[in-house]
Amino acid sequence: MIRTVTDVPAMADAFLEGLNACFPGWGRKTKFDWWFRREPGGPPADLLVAEEEGSLLAGSAVLYRRAWRPGAEEAELVGCITGSWTLPAARQRGLFKGVIEATRRRAAARGCRVFVGFGRRGNVSSKALAAAGATIIDTAYLTAPAAGGP
């Protein structure tokens, strides 16, 4: 079952554990709070999770920002899917496709007419996002040695 998390503070540790399991070294609680708990110009982020028998299998977030599109009279609310993960044992079951659709619907319910995702060209996640109607903005992964940051 995929659902929107209603109590983000209560889910933070489990969500963060999933992120770090899929992306080793993703970060700690301070990084989680910076990404998913602040409100820079839009509503707070929504977390969505896929669960089975009380265990988290996958998760994702929708960040909300305001952005100008050419010809627009004012900045529009944009939904950005991010922080998506599926535990290795739960892959190949269509969970990511379901999470994408749930995040797209959640962004639309918040009033977003634009839904974006950042991904590496040609990777499986980017292809799934594009198939769901997301605008893919090509990106790269940057890494640096940890220096006591979040």
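Which residue takes a positive phi in the hairpin of β2 and β3? In this hairpin, which has two residues between the strands, a positive phi near 50° is found at glutamate 53. The structure is a predicted model, in which local features need pLDDT of at least 70 and side-chain atom pairs count only at pLDDT 80 or more, whereas totals for chains, interfaces and linings use all residues. Residues are numbered from 1 along each chain as its sequence is written, and side-chain values use heavy atoms, with hydrogens and water left out.

Strand β2 spans residues 46-52, strands being DSSP runs of E with at least two residues, numbered from the N terminus. Strand β2 pairs with β1 (residues 2-4) in the antiparallel sense over three bridges, where pairing requires that DSSP finds at least two bridges between two strands; isoleucine 2 has alanine 50 of β2 as its bridge partner. Strand β3 (residues 55-67) also runs antiparallel to β2, to which seven bridges join it, and glycine 59 in β3 stands opposite valine 49.

Because six of its seven residues are buried, β2 is largely enclosed by the rest of the structure; buried here means under 20% relative accessible area, with a 1.4 Å probe and protein chains only. Glutamate 51, which lies in β2, counts as buried because its relative accessibility is 18%. The side chain of glutamate 51 makes a polar contact of 2.7 Å with the side chain of arginine 3, such a contact being a pair of N or O atoms within 3.5 Å, of which, within protein, one must be able to donate a hydrogen and the other to accept it, while residues adjacent in sequence count only if both atoms are side-chain atoms. When residues up to four places away in sequence are not counted, glutamate 51 touches Met1, Arg3, Met11 and Leu56, contact meaning heavy atoms within 4.5 Å.

Conventions:
Helix = DSSP H or I, 4+ residues; strand = E, 2+ residues; numbered from the N terminus. Buried < 20%, exposed > 50% of the residue type's maximum accessible area, 1.4 Å probe, protein only.
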